[in-house]
Amino acid sequence: MMTRPFLPLIVSVLVAGLSFAHAAEIRKITIPSKALQREASATIVLPDNYGNGEKKYPVIYFLHGYGDNNTHWANRIPIIPQLADELGFIAVCPDGKKSWYFDSYTNPANRFETHIAEEVVPYIDLHYRTIADRDHRAITGNSMGGHGALYLGSRHPELFSQIGSLSGGVNIAAWTKHYDISEALGPYEQNVKRWEDASILNMLPKTKPGTYRNILISCGDQDFFLQDNRKLDEQLTKAGIEHTFTVTPGTHNWIYWKEAAAPQVRTFIGSMPRGKTNPPVGKTGTE
């Protein structure tokens with residue numbers, strides 16, 4: 001008779017216990033950077049069982065959009081830590097400021113491509129237990145970060161075997177007066193070739209077919225970047241480059257990215273080789 005009033009409390013405690021039984025650790029870290037001439041912020045998500053044993057993990061890099069920072073992916077899309085637990089991977093979110101992930105032509109202290117490719121990736125492999133090869137690395141991002149992921153992936157296929165984009169700004173030449181792109185590339189009128197060469201719409205179709213295990217491009221059906229993403233899909237198809245282009249209901253916001261991120265993550269992890277856990281010879285995975 002006396003137990004009935006306490007049943008909701010008992011159930012709540014059990015549910016809470018189950019909810020927190022497996023919880024990825026979200027760390028804010030800093031990475032020394034010569035390319036940026038400062039300490040650079042990043043967020044890393046470690047799966048729940050990371051602290052147990054010597055297992056090594058694949059890594060997915062998530063690049064944020066214009067006006068956001070390294071904390072947004074883990075904080076605004078809680079399924080990322082959940083999937084890190086479920087699928088067993090490390091998530092890394094560098095801070096790209098408003099750089100579009102270029103090496104700036106106008107500011108030698110804003111070399112963000114160099115920072116991520118030559119500083120962030122080696123730092124993560126050195127300090128965490130990663131499977132330190134391209135087959136176990138993927139990169140994606142939203143908006144400016146979608147451009148950045150395809151740009152860095154195109155420029156550094158030795159690092160990433162899978163690349164993706166969510167609502168990516170894939171045609172920067174269409175936005176010559178917006179989003180501070182000229183801060184990195186210089187004014188469009190004086191640097192037309194530089195802008196055209198740096199646009200994913202022109203870059204990615206020149207990629208050698210078969211370079212990547214997966215190229216995943218997603219966009220909402222009401223997104224203002226949709227037309228450019230459709231053009232990229234057409235160009236890749238014409239060039240014979242295998243890829244997946246997905247259009248689902250949504251606009252350019254975190255509601256859409258929450259829904260669109262999980263399929264990419266599952267595809268990335270599901271496409272990675274199984275059973276390889278040893279990094280290259282050298283000091284790696286110290287934490």
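Is Arg155 buried, partly exposed or exposed? Arg155 is partly exposed, with a relative accessible area of 46% (buried means under 20%, exposed over 50%, partly exposed in between, with a 1.4 Å probe and protein chains only).

1. A word on the basis. This is a predicted model, in which local features need pLDDT of at least 70 and side-chain atom pairs count only at pLDDT 80 or more, while totals for chains, interfaces and linings use all residues. Residues are numbered from 1 along each chain as its sequence is written, and side-chain values use heavy atoms, with hydrogens and water left out.

2. Now look at the partner of Arg155. Glu113 forms a salt bridge with Arg155, their closest N and O atoms being 3.0 Å apart (a salt bridge is a side-chain nitrogen of Lys or Arg within 4 Å of a carboxyl oxygen of Asp or Glu). The pair links distant parts of the chain, with Glu113 in helix H4 and Arg155 in helix H5, 42 residues apart. Glu113 is buried, at 6% relative accessible area.

3. Another pair is worth a visit. Arg213 and Asp135 meet in a salt bridge at 3.8 Å, N to O. Arg213 lies in the loop between H8 and strand S7 and Asp135 in the loop between H4 and strand S5, so the pair ties together parts 78 residues apart in sequence.

4. One more pair to find: Glu189 and Lys177 form a salt bridge, with the closest N and O atoms 2.9 Å apart. Lys177 is exposed, with a relative accessible area of 61%, and Glu189 is partly exposed at 46%. By this rule the count comes to eight salt bridges.

Technical notes. Helices (H or I, at least four residues) and strands (E, at least two) are DSSP runs, numbered from the N terminus.
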